[in-house]
Amino acid sequence: MTINIRKLENDLWESADLLRAESKLTSNQYCMPVLGLLFLRYAYSRFKLVEREILAHRPVRNGRVLPVEASDFKEKSALFLSEEAQYPYLVNLPENIAEAGLINQDGLPINSLGEAVNNAMELIEQQSEQLQGVLPKEYTMFSDALLAELLRIFNNNLLDEIGGDVFGRIYEYFLNKFAKNIASDDGVFFTPKSLVKMIVNVLEPKSGILLDPACGSGGMFVQTGDFVNHSGMVANNTMTFYGQEKVEYNAQLCLMNMAVHGLNGRILSGDGANTFYHDAHNLVGECNYVMANPPFNVDKVKAESTEAAGRLPFGMPGVNKAKEVGNGNYLWISYFYAYLNEQGRAGFVMASSATDSQGKDKEIREQLVKTGHVDVMVSVGNNFFYTKSLPCSLWFFDKGKSETLKEKILFIDARSYYTEVDRTLNEWSEWQLKNLNAIVWLYRGEMEKYRNLIAAYLGTLHDGAAMIKGIAQVYRRLLDVDRVGHWDCAIDHLCDELKGLNAEGLEKSDELLASLKNAAEIHKKCTAGLLANYANNPATQKDKLKDAGFNRLNAFKKALETNGEAVAEVINSYITILQEANWLTEKFGTEGKYADIPGLCKIETIKEVEKKNWSLTPGAYVGVAEAEDDGVDFTERMHEIHAELLTLQQESNELMAKIFANFKELGI
């Protein structure tokens, strides 16, 4: 069974958000309980899956299969759910719960659906030390009718057909949506996924200790878990996750997020986990990896408390008369470096201003660069965050750099390289992330990884030939016989080109791109023409509708639109993939030979950084991309513009003279 995950995510969100609007609750109030229900639904799905696995090998005594026990689930890193904590039990409770005679774990009567859900959360927490005190238990603020409808929304049978990875994706989708809605309330807990993935991809975590000292909702842990698991290892066996988060609400989101993704971690929260003043896990010099998106430009940090807490290998940033650090950016930067062991790597998000700030910051930055451990610097464009539109930078340290790279730093200016999600939000697509990562591989001399990426591009595009042909066949059955010939020709030609594509073709793909765009355009016109044809002449089209297996025009139109959209989406996705492949290969070829690309990337030495006053701003090194020659003579065009301006100015003067003359006649 094929499940459209995007549609499922969106349908679940729209249904749940509609209820939020009706409840008059704010997003902040609504966020945790809804994510708690999604967690509860995941826990039940995982419970049933593991239960089936256990029962398949369960001993039989006296003709009966031995019942499952909590210990059986613990061995498989799954939660055991008693009946009262299972999702169907809650969904099927009677409308009048007060008369049902239900008792909670403390022996007290349950009088509402909210109390029953709270009890389920308590029962689950008893099964997991990591979740104790974490799950939401505010469900009595909902009316029974509203809560019953929320439970029904997540009682979708499709959720039983998907794996834990996809369930995690839906949880993250909801986190993402809530982050947008809560942004106006300064609810900063979610780092955009593409930034997190970029950090994880560059650091390439494998095993050891990972610390996020500003962990928010745990995105760094989740993406690291995915990266490690996809490499063939088990994240819970090879990685140890540590987090600090001052805001307890965010730490709860983090622990639920990790649980949904099957990860174990040690997350501390509250004032004792304020990283400015506390190394809560005592991890200085112990971490293999540090990843973070800390709050930028924090002021009024108590200097004496910070200095007493240590972790400042390059000294204190500037301190004002009030004995406060006026900007905490270089506290964070110093901490991240201090936590690393002798081979450790760090990747973090930072305000763009920190790359060339002056005063004490510059002194710290100079010492930092001189260590030879600054590895990669990436400039990120505007609108990557929900809560702020300003650009930022990604910093990467590597204490285990090879000797050949010890005196070098890779600068990447990616401010003009992104995908626009909407008017206020940008991101890196999966292929754009791979392309940026490929630049880092070439800098490190990892040619094999680059060539594997080229092979992945080719494999995906070859698969595209079969994908487009398969969808087109479904669409073709709906087409008018008079129009099918043109469509067939375009699709068959396109699929043949995709099948025959080789590495060299990626660098010279203009013709193939034109074929893709041509097929998309033909399909668009074909669909519009057919819809108009059947709408305008329904009587004469009855036989054709019956031949296509449709008794009603509306059913045919819906099928045509649905399949037409599928064809368009698939073709456009391969246009995008081919464009990204071309972007990469025209710069570095198909074999992968690093080159400094003006406006994009440059490898620079520490000596050159010193000449730039220890600036770590990529734009100061990569320069500006060469502008394409548009065939216009600049001098000639300037003369034309100057002449146009003189003419406009003369017309303006004449118009003003007429206006004043009219005013004079009116006696004004």
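Contact is defined as heavy atoms within 4.5 Å. The structure is a predicted model, in which local features need pLDDT of at least 70, side-chain atom pairs count only at pLDDT 80 or more, and totals for chains, interfaces and linings use all residues. Residues are numbered from 1 along each chain as its sequence is written, and side-chain values use heavy atoms, with hydrogens and water left out.

W583 is located in helix α21 (residues 553-588); helices (H or I, at least four residues) and strands (E, at least two) are DSSP runs numbered from the N terminus. Apart from residues up to four places away in sequence, W583 is in contact with Y417, N435, I439 and L600. Its relative accessibility of 16% classes W583 as buried (under 20% relative accessible area, 1.4 Å probe, protein chains only). A C-alpha separation of 8.4 Å is found between W583 and E507, which lie 76 residues apart along the chain.

Nine strands form an open sheet with mixed pairing, in the order β5-β4-β3-β6-β9-β11-β10-β12-β15, where pairing requires at least two DSSP bridges between two strands. Because β5 (265-269) and β15 (601-605) are edge strands with a single partner strand each, one side of each has no neighbour in the sheet. Neighbouring strands are turned against each other by 15 degrees on average, direction ignored; axes are lines fitted to C-alpha atoms, for helices over the stretch in contact, and angles run from 0 to 180 degrees between N-to-C directions.

Strands β3 (residues 208-212) and β4 (residues 239-245) run parallel and are joined by five bridges, with D212 partnered by G243 in β4. Helix α9 (residues 219-230) packs on the sheet, touching β3, β4, β5 and β6 (287-292), at about 170 degrees to the direction of β4.

Notes: Buried means under 20% relative accessible area, exposed over 50%, partly exposed in between (1.4 Å probe, protein chains only).
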